[in-house]
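Welcome to my notebook. I opened this structure today and jotted down what I looked up, one entry at a time.

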Amino acid sequence: MDQKRELSSIDLAALVTELNRYEGAKVDKAYLYDDDLLRLKLRDFDRGRVELMIEVGEIKRAHAADPDHVADAPGRPPNFAKMLRNRMSGADFAGVEQYEFDRILTFEFEREDQNTTLVAELFGQGNVAALDETGEVIGALSTVRLKSRTVAPGSQYEYPASRLNPLDVSRGGFDRHMRESDSDVVRTLATQLNLGGLYAEEVCTRAGVPKETPIEEATDDQLGALHDALARIDERLRSGDVDPRVYEESVDGSGSDDDGSDGDDDVDPRVVDVTPFPLAEHEGLPSVGFDSFNAAVDEYFHRLGSEDTAEGEAPADAGASRPEFEEEIAKQERIIEQQRGAIEGFEEQAQAERERAELLYANYDLVDEVISTVREARENEVPWDEIGETLDAGAERGIPAAEAVVDVDGGEGTVTVELDEEGDDGGTTRVELDASEGVEVNADRLYREAKRVEDKKEGAMEAIESTREELEAVKERKAEWEEKQAADDGGDGEGDDEDEEYETDWLARSSIPIRSPDDWYDRFRWFHTSTGYLVIGGRNADQNEELVKKYMSKHDRFFHTQAHGGPVTILKASGPSESADPVDFSEETLREAAQFAVSYSSDWKDGRGAGDAYMVEPDQVSKTPESGEYIEKGSFVIRGDRTYFEDVPCRIAVGVQCEPITRAIGGPPSAIVDRAAAHVTFEPGMYAQNDAAMMAYRNLKERFNDQSFVRKVASADLLQEFLPPGGSDIVD
């Protein structure tokens, strides 16, 4: 049985009630592990330390964790974690809600000066977005730009398209959605009713309805039993009547180890599922009970992580372990299957909305009479209750327009009619009408809703195409890995040179040791030229001043661009505490420093493909202006002759260096390519700095076998520090 790695919508509905018990707890600090696990450390006056964990990678979960289950704090916090600390430190946890029936949790935090909302998307590729009081995105782990929705800093957060909530759908709505399907009962519950496979099977079992029953053969009584089973689950979740279970399975795949064999009885069973109440579908599996669902979820994922770690351990002499290609391929294929189901659901929903609109026109006179009757009564200030009673009385007398009305909702100002469908099937369809508008306006609303649903389908099609690309990328990596293994196995083993070459194939290594530097220039912009000299540049006016006053020595070179708004750039002849001698820098070294100055200037921000730079000696740089002139902070007066570098390309490469130290690096491509194990080159373009950094990070991570290494030394935040401000595009 596959182990559960993502919480379901029903799981989240059960968790929300328990998580809200921590309302009032104060945020202490935020941590980000790798690029997908967010930890919020809170202090609750009654419970003490509270650890809120939100993971949105391959594992998707959100719960309060036992402090003993929490890993030590990571090192330097990335930008997202620092932003959360600035906004949320000392804030009160004000509660959490599940967005409709989706796998989305919205956490609210309140502070006197500002409030913050965290939206955890526990579906698809996963994401966490931080919003301000207006709903504007302040930051997100991943930027999303689709036709259907956008999640990007500076934009209003957009939730995904709404999904039907099977737990609160009326009996009439339930029957309609079920009858519109051309599949069997369990598949319809799983896709059209959004229950997912496991709970769709559970509902069928509890209702006593065979899972493979075709919808056209399902009786009204069977649909009623299914709806009742859903209602009982909903009632149990709302009341907090949970009986949590963590289900286990022996390592040989059976439900129990007690088989009378002489096998290894010391092997602990592995966890396979966690549920808020016992499931009939898991009747044959042993389980462990818990007092709260949150505790069960925490224990489950803690054990799952421990089991994954244990399975991933290899003997010291085992060499490079095989990457989990099949697991990743299966994951992407599952996502594609879910996306296909969503697309089919959108198509059916759009078609149903169009058919309702067409039914209004097919029954124009009857619908117009209903609307006119209600509108006239409201104009005469007749209460809605009396309107409903009048229509009921008319139905008893056999008036067709009154007989068509099945519901009057004064709060919403709507009237629901049941209209006969065209054709020989003899079915009926319910349509909700805005009683203040005519037939045409109501029909147009339905057509527009069909168009909106079709737009959602386009977004889902974009998403499925992206997933297909990821699937193909995994398959390609698998083929390359297998090809390399075959080549290694077929080698002639003639000496140590081949072994040494394999050892330096950083992309293929299963584990890369991290050797982190601690250099004085890290807070500036910097790179090492292809000839080994350090080049440093200012990130702002303060750093420009500091570089010239504190770090520029007499044998260095000062670079700047002709365009206004460039960084001070210094080509160092030596380190800050070293004695320097005159240096005859090569032309290649000088042009790399000039390219660095141009690429981080306004030339890049303005989208120009090239720019001009000049170079002078340190003694030509002064802060003393001419008489009557003023020099802005971070600017300098240059006196004497200048050496110009014209038409220097705006190009920056970012990459991962693996030896002699491990780190993210960036700078002119000619200085980076040979130094990096893998790199990505950029030119001025359309993608914002943070988006470009995420593109580079994903590109680099896919090329390394040891992807956790890339997350630690070259995350999107670290790569972003090497990218120029302004838009960028990857150079093919």
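**Entry 1: a helix across a sheet**

I began with helix H18 (residues 689–703), which lies across strand S26 (652–657), S28 and S29 and runs at about 155° to S28. Contact here means heavy atoms within 4.5 Å. Helices (H or I, at least four residues) and strands (E, at least two) are DSSP runs, numbered from the N terminus. Axes are lines fitted to C-alpha atoms, for helices over the stretch in contact, and angles run from 0 to 180 degrees between N-to-C directions.

A note on the source: this is a predicted model, where local features need pLDDT of at least 70, side-chain atom pairs count only at pLDDT 80 or more, and totals for chains, interfaces and linings use all residues. Residues are numbered from 1 along each chain as its sequence is written, and side-chain values use heavy atoms, with hydrogens and water left out.

Next I looked at the sheet itself. I found 4 strands in an open sheet, in the order S27-S26-S28-S29, with antiparallel pairing. Strand S27 (663–667) and strand S29 (728–730) are the edge strands, each pairing on one side only. On average, neighbouring strands of this sheet are turned by 30° against each other, direction ignored. Two strands pair if DSSP finds at least two bridges between them; strand S28 (residues 678–687) and S29 have 4 bridges, in the antiparallel sense. I also spotted Pro-684 opposite Ser-728 in S29.

**Entry 2**

Strand S16 (residues 414–420) runs antiparallel to S17, joined to S17 by 7 bridges. Leu-419 stands opposite Thr-429.

**Entry 3: salt bridges**

I searched the whole structure and got 42 salt bridges. Each is a side-chain nitrogen of Lys or Arg within 4 Å of a carboxyl oxygen of Asp or Glu.

I picked out Glu-58 and Arg-5, whose side chains meet at 4.0 Å, N to O, in a salt bridge. Glu-58 lies in the loop between strand S3 (48–56) and strand S4 (60–65) and Arg-5 in the segment before helix H1 (9–19), so this pair ties together parts that are 53 residues apart in sequence. Glu-58 counts as partly exposed at 33% relative accessibility, and Arg-5 counts as buried at 16%.

Then I checked Arg-356 and Glu-353, which form a salt bridge at 3.4 Å, N to O. They are 3 residues apart in helix H8 (residues 325–362), which means a separation of about one helical turn. Arg-356 and Glu-353 are both buried. I see them again in a network of salt bridges that links Arg-176, Glu-180, Glu-353 and Arg-356.

**Entry 4: two helices crossing**

I finished with helix H9 (residues 364–379) and helix H10 (residues 384–396), whose axes come within 10 Å and cross at roughly 145°. Which residues make the contact? I listed Val-374, Ala-377 and Arg-378 of H9, and Trp-384, Ile-387 and Leu-391 of H10.

Note on methods
Buried < 20%, exposed > 50% of the residue type's maximum accessible area, 1.4 Å probe, protein only.
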